[in-house]
Amino acid sequence: MARISYVNGRYLHHAEAMVHVEDRGYQFADGIYEYVAFYNRTLLDGPLHWRRLELSLAALAIEKPVSMAALDIVVRELIERNGREHGGLYVQVTRGVARRDHPFPKQTKPALVMTICAPKFPKPQEISQGVKVITAADQRWTRRDIKSVSLLANVLAKQEASRNQAREAWLVEADGRISEGSVSNAYIVSKSGELITHPADTHILGGVTRDVVLRLARKAGIKVSERPFTLKEAQSAAEAFITSTSANVLPVVKIDDAPVGTGRLGDVTRTLQTLYATHIFKQTGFQF
Ligand code: PDD
C-alpha cells in the first residue's frame, strides 16, 4: 500500500507531501509536534498526547488548526489509508506560512502536517539485555516542557550517542543534574529500591510514557521520588532505564562505559516493563 501523508487538508502521496518554503516551522522552528504509537490501528494513550499537544499550542499562542474532534477523524482516516496495523503517527502544527518576519503574522492560518511511519519497536535484545547511554551537555532552551520542533540540541546529542554506539544521550545540566535523554525520559533506581526521575517541570519534556509508568509504579507499591539526580548518583544506582513512545521501558546497563549496578536488567525495571506491556495490551490488544 502507498504511503500517504496529510498536509493542510489534503491526503497526498508521501513523495509529494510538501510545505511552503516560508512555513514558519521551516524558517523559525515556530511549531510543535506529537509522536504517538498505534497498535492494531488504535492510538496508545491518545487523550494524553492530545492534551500535551493542546498545552504546547497554548504555550506558544498557536491556534488549533482544526477542532480536536476533526483531528481525531483525520488521524483515523490517515491510518486507514496507509493500511498499517502498527506504527507511529507524527503530527506537526506550525504557526503557518507568512513573509519572513520574526513577530507573529496577523492573518496566518496554522499549518497541520501528519505522517505515518513503520513501528520503531525496541529490539528484543535491547529489552532483555539493556542499552548503553552516554552523557552530553544539556544545551537546550529553558522551556523543554513544550514539545517544540526546535530540536537542534537534541539532534546534536543524539548524533553524539550514535557516534559512540549508544542508544541515547543523557543530558547533563550546568549544575551536574541529569534532566532527561535527548529523545526519552531518564530514571534511576537507588540501592534501597527508590525510583527517581526529574520532576515534570520546564527542565524536561513530561513524557506520556513517563506519566503512565509512574502511575503503574506507584500502584505496584514502588516508592517514586520526582526529583533531579546527578550523574554521580546514577553511577552508583542499582538500576537505570529510559522511557518514550518508541522505547517503551528500556533498561540502561551502561553509562559512559561504566556498568550500572550489576550491568544487567534489574527487578524494578523488569516489573515496569511487564506492567507497561500489559497497559499496551489492555488498550490496544497488542502483545509484544
Ligand atoms: N520523543 N523527552 C524528550 C526530549 C523526548 O523527545 C521524548 C519523546 C520524551 C518521551 O516522551 P513520550 O513518552 O511522550 O514519547 C522525553 C519522541 C518519541 C520523538 O521525538 O520522536
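## Basis

The model is predicted: local features need pLDDT of at least 70, side-chain atom pairs count only at pLDDT 80 or more, and totals for chains, interfaces and linings use all residues. Residues are numbered from 1 along each chain as its sequence is written, and side-chain values use heavy atoms, with hydrogens and water left out.

## Ligand shell

The ligand is surrounded by 17 residues (a residue is near if one of its heavy atoms lies within 4 Å). Tyr33, Glu180, Val208, Thr209 and Thr245 are the closest. The shell holds nine polar, five nonpolar and three charged residues. Here Ala, Val, Leu, Ile, Met, Phe, Trp, Tyr, Cys and Pro count as nonpolar, Asp, Glu, Lys and Arg as charged, and the others, Gly among them, as polar.

Three elements each supply at least two shell residues: β3 (31–39), β9 (177–181) and α6 (208–219). Elements are DSSP runs, numbered from the N terminus: helices are H or I of at least four residues, strands E of at least two. Domain 1 (4–117) and domain 2 (124–284) both contribute to the shell, so the ligand lies between them. The domain bounds come from an automatic or database domain assignment.

## Polar contacts and burial

Polar contacts are pairs of N or O atoms within 3.5 Å. A ligand oxygen is 2.8 Å from a side-chain N or O atom of tyrosine 33. For arginine 52, the distance from a ligand oxygen to a side-chain N or O atom is 2.9 Å. Taken alone, the ligand exposes 470 Å², and the protein buries 91% of that (Shrake-Rupley method, 1.4 Å probe).

## Positive phi

Which residue lies in the loop between α2 (46–59) and α3 (68–82)? Alanine 61 does. Its phi is near 55°, a positive value in a residue other than glycine.

Aspartate 257 sits in the loop between β15 (248–255) and β16 (258–259). Aspartate 257 is not a glycine either, yet its phi is positive, about 75°.

How values were computed. Polar contact = N/O pair within 3.5 Å; in protein donor to acceptor, adjacent residues only side chain to side chain.
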